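Reader: I have a model open and want to go through its packing. Can we take it piece by piece?

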Amino acid sequence: MEPLHALAAWPVEAGVRTGVVDWLLGGDRAWSLTLPGVGWTLTGRAVFLAVAAVAVLLVAGVGVAASGKSELRRRWTTWAIIIPVVGIPIWAGRGTTALLAAVLSVQAVRELARLTRLPRAETALLGVLAVAYPLAAWLRPGLLGLAPLMVLVCALPAVLAGDTVHGLRRASLTGFASVWIPWSLAHLVILWQDAFLIAFAAAAADVAAWTGGTSLRRFAWARRPLSPLSPNKTVGGMVGALVGAVVILTLLGQITAGLVIAVGLGGVLGDLIESMVKRTAGVKDAGAWLPGFGGLLDRVDSLLLVLPLAAVLG
């Protein structure tokens, strides 16, 4: 027969376990935080996401410091900058999120145009769309449905120039880029309140993909490349990304089959699409101004597929 104190403790322990499980599977993630000194009280899920992001950054910082690797330090420093630069505009409102999406789109278009040597007319057209799509997502979301028509409009510069040598390549590349970059990033505005969560989950799944590819490489099936475009993107990495997506979305209280597919598989395929672009251009990175990451396109490549997929499936 169990001691009385053990019998009394058992329901409490069971209740704690049940509470933890319930919280993980959909508990309230709306936290409140009072800023010391000024007395401002912040409330909502954004507070939880901010605390989670900073906590992960600090824990990762301990590991980075212990590793002594300069490459990891550069990556950690870049992430420390990215979190507030991306998070604050999203938390501030839809208008500032649209501004963020436009800035990201313009820079990504500039990098793509340099990689692919797009003519000035096509680059200018993509620049206009880089601003127009986020603004449309903010003010008239229904206008994003015109994306297929804008793909055809992207052929106009080559048609008007009568370019029979490179016209088809120019039109195809510009049309693809109009959807791949500005239209996709405009979904930061469509998702808005969930945008930072999705971006955070995609970053975590990216780390999980690297971890899975590294830890599972002793198995032959895990070492198999997903595509000749990038031998480092393996089946093991994809498994890691899916597991990571399940874990992080559960912790964030947003676990659904659609979001697991969007974050786990979308991120991996997004990386492969950019690898195809870079292989075609014969370069390793899209840029060099983000320490440890290359260019902006190297950093947001997974989001370019994750965001629209999350909007549709999530």
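Reader: What is Ile198 in contact with, leaving aside its neighbours within four places in sequence?
Author: In this predicted model, Ile198 is in contact (heavy atoms within 4.5 Å) with Leu191, Leu259, Val306, Leu307 and Ala310.

Reader: Which residues touch the most other members of the largest nonpolar core?
Author: Ile198 is one of them, along with Trp180, Ile181, Leu249, Leu252 and Leu297, in a core of 66 residues. A nonpolar core here is a set of buried Ala, Val, Leu, Ile, Met, Phe, Trp, Tyr and Cys residues joined through side-chain atoms within 4.5 Å. Buried means under 20% relative accessible area, with exposed over 50% and partly exposed in between (1.4 Å probe, protein chains only).

Reader: And how much of the protein chain is buried?
Author: Buried residues are 44% of its 314 residues.

Reader: What about numbering and confidence limits?
Author: Residues are numbered from 1 along each chain as its sequence is written, and side-chain values use heavy atoms, without hydrogens or water. As the model is predicted, local features need pLDDT of at least 70 and side-chain atom pairs count only at pLDDT 80 or more, while totals for chains, interfaces and linings use all residues.

Reader: Back to packing. At what angle do helix 13 and helix 15 pack?
Author: About 160 degrees, with the axes of helix 13 (residues 257–281) and helix 15 (residues 303–313) 8 Å apart. Helices are DSSP runs (H or I, at least four residues), numbered from the N terminus. Axes are lines fitted to C-alpha atoms over the stretch in contact, and angles run from 0 to 180 degrees between N-to-C directions. Helix 13 and helix 15 are therefore roughly antiparallel, a term for angles over 145 degrees.

Reader: Which residues make the contact?
Author: From helix 13, Gly258, Leu259, Ile261, Ala262, Val263, Gly266, Gly267, Leu269 and Gly270; from helix 15, Leu305, Val306, Leu309, Ala310 and Leu313.

Reader: How do helix 5 and helix 8 cross?
Author: The axes of helix 5 (residues 120–139) and helix 8 (residues 167–185) come within 9 Å and cross at roughly 25 degrees. That makes the two helices roughly parallel, the term for angles under 35 degrees. Glu122, Leu126, Leu129, Ala130 and Tyr133 of helix 5 meet Arg170, Thr174, Ala177, Ser178, Pro182 and Trp183 of helix 8.

Reader: Different spot. Is Gly61 buried or exposed?
Author: Gly61, in helix 2 (residues 45–67), counts as buried because its relative accessibility is 18%.

Reader: How far is Gly61 from Thr77?
Author: They are 9.1 Å apart C-alpha to C-alpha, and 16 residues apart in sequence.

Conventions
Angles under 35 degrees count as roughly parallel, over 145 as roughly antiparallel, 65 to 115 as roughly perpendicular and the rest as oblique.
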